[in-house]
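Colleague: Can you walk me through this one? Start with the overall layout, please.

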Amino acid sequence: QYLNGGVVDTKAFKIVYVAPMKALVQEVVKNFGRRLAPYDLTVRELSGDSTLTRQQIMDTNVIVTTPEKWDIITRKSDDRSYTQMVKLVIIDEIHLLHDSRGPVL
């Protein structure tokens with residue numbers, strides 16, 4: 001469904017990777033960015049340290065974020081068109097659900 005003539009339609013979906021800490025977000029962006037570049041997939045950070053414009057979010061395939069920032073984006077944003085494009089959510093360190101920040105997840 002996301003292939004068009006054997007080519008991935010990068011405008012048709014988003015992947016969200018939720019990492020527990022900003023330091024891990026930056027590490028994942030660097031690692032995934034390098035690995036996914038040959039597939040024309042854009043990886044960007046969305047955390048307290050960095051904000052993306054609406055256009056940058058639309059142009060990004062893999063959004064790597066913290067639980068708190070994703071919570072803000074998904075609940076307090078007026079425009080949810082890009083969240084409706086999310087087809088995969090990866091939660092790193094899921095065992096932290098019992099942590100003090102667990103309710104945000």
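**Layout and first helix**

Modeller: The chain has three helices and six strands. Helices are DSSP runs of H or I with at least four residues, strands are E runs of at least two, and both are numbered from the N terminus. This is a predicted model: local features need pLDDT of at least 70, side-chain atom pairs count only at pLDDT 80 or more, and totals for chains, interfaces and linings use all residues. Residues are numbered from 1 along each chain as its sequence is written, and side-chain values use heavy atoms, with hydrogens and water left out.

Colleague: What pattern does the chain follow along the sequence?

Modeller: The order is β-β-β-α-β-α-β-α-β.

Colleague: And how much of the chain is buried?

Modeller: Buried residues are 36% of the 105. Buried means under 20% relative accessible area, exposed over 50%, partly exposed in between (1.4 Å probe, protein chains only).

Colleague: Switching to α1. What does it span?

Modeller: Helix α1 covers residues 22-36, 15 residues in total. First C-alpha to last is 20 Å, close to the 21 Å expected at 1.5 Å a residue. The expected span is 1.5 Å times one less than the number of residues.

Colleague: Which residues in α1 are buried?

Modeller: L24, V25, V28 and V29. They sit on the same side of α1 because they cover an arc of only 140° around the axis, taken from the directions from the helix axis to the C-beta atoms.

Colleague: What about the other side of α1?

Modeller: A23, E27, K30 and R34 are exposed there.

Colleague: What covers the buried residues of α1?

Modeller: The cover includes β3 (14-18), β4 (43-46) and β5 (62-65).

Note on methods
Contact means heavy atoms within 4.5 Å.
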